[in-house]
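Let's take a walk through this structure together, looking at charged pairs and then at one helix. Have the sequence and the 3D view open as you read.

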Amino acid sequence: MAQVAQTFDAPAVRIWCSLSLRALGRAREEIDAINVYPVADGDTGTNLYLTAESAAAAVEAVFAAHETGTGAVPGPSLAEAARAMAHGALIGARGNSGTILAQLLRGMAEVLAAGGDGDRADGHGLRLALRRAADSARQAVAHPVEGTVLSVASAAADAAGRTGGDCGTVARAAYEGARTALAATPGQLAALRHAGVVDAGGRGLVAVLAALVETFTGETFTGETFTGQAAQAGRAAPAGQAAPAGQAAPAGQAAPAGQEVQAGQGTCAALTAPATPATPVTSVAPTPPATPAGGPAFEVIYLLEADDTAVARLRQRLDALGDSLVVVGGDGLWNVHVHVDDAGAAVEAGVEAGRPHRIRITHFGAGDAHTAGAGRPPRERVQRAVVAVVPGEGLAGLCAEAGATPVLARPGEPPASGELVDAVRRAHAREVVLLPNDAELHDTAAAAAEQVRGEGVRVALIPTRSAVQGLAALAVHEPGRRFDEDVVAMTSAAGATRHAEVTVAEHRSWTTAGICQAGDVLGLLDGDVAVIGTDVTDTARTVLDRMLAAGGELVTLVLGDEVPDAVAGHLEARVRESYLAVDTVVYRGGRQGALLFIGVE
């Protein structure tokens, strides 16, 4: 069994945020599909993912600040990490569901940050935090409705409150209580019962609580049972520690033309259908209507700097203007969400209460409405563009020369979904092919794609797992072809490219090839550690021979800054002397993290 958090401390907050983001990323499409209440706009999963992403990024920033600082404190306290999580969720909250999730996290943070020694909380502290989370989320909603995420949160807190023991025991009880409550939501809310689905926001919360269980027990939920988490296949993990949880499913087969390719099943994938429901419940709803029948036309969200008295008046004003009112936050900073017909009046009410900013107005069924530059004619879009995430400056330049819009992913600094959205917008095209070039970025890229689709851009996400797969896809890109044909050709080229990398182990680790020591040279084939060596050239040659044993026509070598040209020379000679009719191309990738990327087409 892998090592797990024993108490709720700052590292546990970090792990939970990361696992929650991963779980919501996997379940995002499923949750979007069952989103029928309060508005059937199909974005609950995406909004929850983006909110969790903001929370996780804020926690990572706190840890990074401590790692680069010179003080004697080795890392952030529980209070610092919990407050960062809550603040990140608050400023990044999206939609009704994301706003409620932000308040749930804030409620937990209020308890965790007020703990006795400030460094850790035990099972009792977690029970109190879950109770505070459920109560504060209910208080933030102007008119709470049963059969929603609020019911699921309350059930989780109730179940946790009836349970003694450590954090793992409490987290499991909360999860089981939430899961039972989720199955009951169709019987509480007519809209869910008629659509044959469970509540989308509640489904997301169950995924977040499943991540909490994994944080404290190392167990993941698959189907109907918990199973011990295995180390990530092939990836180097510190000896005696868990590797990052689950990976995206491999690329390798062509996706349906123009459609996103799934990266794996979501944690708690079976939760949309209760074991013995009173009413049949399925995980896929019919395509929801674009505009809510008889409901308000606009969703208005903004951050607001205001005092408590002004916010109390604002609640009354907005409650009279529309519905689905949720106001979360405190200490002078609030996130306001409401559905109204008069978006201007909702914003004006915020101006009267304080200083609103990050104002977002969405017309249901018509994408986003942006007031900036509304009077200027829009710049004409190009027909098609490719956006590619690349790990080094050299590859960024290469992709730019090929006509793609590159997004640089520096080592240890993967781009957030917002950066990918910005890149797609910069491409300014009607059709966009998105190449994440990393299995770990699939969920982030999928969330970004969903955002820009709402702006009228046709996006195809090809699940490339390595930069060399992205290069193969880009090489066959033909803007003059029909979009679907182009996507199929690019997906096929990426899937036909085996990928490998050569890197250096940072610490002693367990791998599928055995135990490696810090400083060993690792050869990874299709993401799995296959070779452990001491010399870069020898390790790369062994990896290349294994790749070419299955055949190949073209070898692509992408060298990092620290790798001498002689390494490429040795590998080129090896291919030329040992494999007939196989060509080799060599590129300089820059500061790309890995010493060498290898592709065989």
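The count of salt bridges comes to 27. Keep in mind as you browse them that this is a predicted model. Side chains of opposite charge can pair when their charged atoms come close.

Start with R131, which forms a salt bridge with D158; their closest N and O atoms are 2.5 Å apart. R131 belongs to helix α5 (residues 123-140) and D158 to helix α6 (residues 149-161), so this contact ties together parts that lie 27 residues apart in sequence. How accessible are the two partners? R131 has a relative accessibility of 27% and therefore counts as partly exposed. D158 is also partly exposed, with a relative accessible area of 34%.

Next, turn to the strands. E431 forms a salt bridge with R384, and here the closest N and O atoms are 2.9 Å apart. This pair links distant parts of the chain, with E431 in strand β13 (residues 429-435) and R384 in strand β11 (residues 382-390), 47 residues apart. Is E431 buried or exposed? Its relative accessibility is 10%, and because buried means under 20%, E431 counts as buried. R384, with a relative accessible area of 12%, is buried as well.

E455 forms a salt bridge with R425, with 2.3 Å between the closest N and O atoms. E455 sits in the loop between α14 (442-453) and β14 (458-461), while R425 lies in helix α13 (residues 417-427), so the pair ties together parts 30 residues apart in sequence. E455 is partly exposed, with a relative accessible area of 25%, and R425 counts as partly exposed at 35% relative accessibility.

Which residues do salt bridges with shared partners join into one network? They are R384, E431, R458, R481, D484 and D486.

Finally, have a look at helix α15, which spans residues 467-475. Eight of its nine residues are buried, so the helix is largely enclosed by the rest of the structure. Reading along the helix, the buried residues are A467, V468, Q469, G470, L471, A472, A473 and L474. Colouring these residues in your 3D view is a friendly way to end the tour.

How values were computed:
Residues numbered from 1 in each chain as written. Predicted model: local features only at pLDDT ≥ 70, side-chain atom pairs only at ≥ 80, totals over all residues. Heavy atoms only, no water. Buried < 20%, exposed > 50% of the residue type's maximum accessible area, 1.4 Å probe, protein only. Helix = DSSP H or I, 4+ residues; strand = E, 2+ residues; numbered from the N terminus. Salt bridge = Lys/Arg side-chain N within 4 Å of Asp/Glu carboxyl O.
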